[in-house]
Amino acid sequence: MVWLSIIVLLPLAAIAWQASGGGWQAFWLSVTSRAALDSLRVTLSISAAVTLVNTAFGLLIAWVLVRDDFVGKRLVDAIIDLPFALPTIVASLVMLALYGPTSPVGLHLQHTALGVGVALAFVTLPFVVRAVQPVLLEVDREAEEAAASLGASGRKVFTSVVLPSLLPALLSGAGLAFSRAIGEYGSVVLIGGAVPGKTEVSSQWIRTLIENDDRAGAAAISIVLLTISFVVLLVLRVVGTRAARREEMVV
């Protein structure tokens, strides 16, 4: 508890104290300003879309890594963790080189919402894969074989037998991916360009407030992002726990 307090609780208390420095009215004006609302809209909409995409493809990648054997499987499995190790500003440089004005693939995504989405998808994909993969390894294959022997199609086996077991882990990974996306800065700073109302995410607006010496306003936006992340993680955790209990009762 002491270590948790030093690493997590004290910094959170400090940011809350700084956000309240100007009083409730100043806090409200900071989080409801036009620029703040635009950045929150961009952040939440792109992050939600990226989370949905990564949830689907993260599940697919985890399935392939667990259930299929192919040449280079270990290499692919190691590459999944690359966004964890790669500095996010380097990820932004990579995206700019690949999708910038001199794109070798003919896609110019700089200063676009799609470019921001691609960058966020890159840094958040491992959360879903690594959350689902160990659970998928423990799924009872006998139940799948029994369902198949009774005439259930592959899709029916997946939706009725496999997916309920994976749902808690899938929701947990999705929640972590979403929380990381709404707080991401480094990977979008170059490819996004911080165009107000279009590609400027909340973390970039916080940076602008700090540069303008409005630390209380920056702390207020940070509190909003922290609250959103906490609520999303809590809701998904509750839903996942209930799904796991129902699965245990069925078994």
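Reply: Two residues are in contact here when they have heavy atoms within 4.5 Å of each other. Keep that cut-off in mind for the contacts that follow.

This is a predicted model. The protein chain holds 12 helices and 0 strands. Its C-alpha trace spans about 65 × 50 × 30 Å along the principal axes. The helix to follow is α9, residues 154–182.

Start with its pairing with α7, which covers residues 113–138. Two packed helices are described by the angle between their axes and the distance between the axes. For α7 and α9, the angle is about 155 degrees, and the axes lie 8 Å apart. That makes the two helices roughly antiparallel, because angles over 145 degrees count that way. The crossing of α7 and α9 is right-handed.

Now look at the side that α7 brings. Its residues in this contact are L120, V123, T124, F127, V128, A131, V132, V135 and L136. From α9 come V162, S165, L166, A169, L170, G173, A174, L176, A177, R180 and A181. Sorted by class, this contact has 16 nonpolar, 3 polar and 1 charged residues.

Next comes α8, residues 141–149. The axes of α8 and α9 come within 10 Å and cross at roughly 145 degrees. This crossing is right-handed. On the α8 side, A143, E144, A147 and A148 take part. They meet V157, V161 and V162 in α9. The contact of α8 with α9 divides into 6 nonpolar residues, no polar ones and 1 charged.

Go back to α7, which has another partner. Helix α6 covers residues 88–99. The axes of α6 and α7 come within 10 Å and cross at roughly 135 degrees. The two helices are therefore oblique to each other. Again, α6 passes α7 in a right-handed crossing. A91, M95 and Y99 come from α6. They meet V118, A119 and F122 in α7. This contact has 6 nonpolar residues, with no polar and no charged ones.

Last, return to α9 and turn to the largest pocket. Rolling a probe the size of a water molecule over the atoms shows where empty space is left. The largest pocket has a volume of about 330 Å³. Both α9 and α12, residues 215–250, supply at least two residues each to its lining. The biggest share comes from α12, with 8 residues. Among the lining residues are S179 and I182. The list also includes L12, G183, S222, I223, L225 and L226. T227, S229, F230 and L233 line the pocket too. By class, the lining has 7 nonpolar and 5 polar residues, and no charged ones.

Key: Residues numbered from 1 in each chain as written. Predicted model: local features only at pLDDT ≥ 70, side-chain atom pairs only at ≥ 80, totals over all residues. Heavy atoms only, no water. Axes fitted to C-alpha atoms, helices over the stretch in contact; angles between N-to-C directions. Helix = DSSP H or I, 4+ residues; strand = E, 2+ residues; numbered from the N terminus. Parallel < 35°, antiparallel > 145°, perpendicular 65-115°, else oblique. Left-handed = near helix turned anticlockwise from the far one by under 90°. Nonpolar A, V, L, I, M, F, W, Y, C, P; charged D, E, K, R; others polar. 1 Å grid on protein atoms, 1.4 Å probe; cavity = no way out; pocket = protein on both sides within 12 Å on 5 of 7 lines; lining within 4 Å. Points joined across faces, edges and corners; volume = space filled by probe spheres on them.
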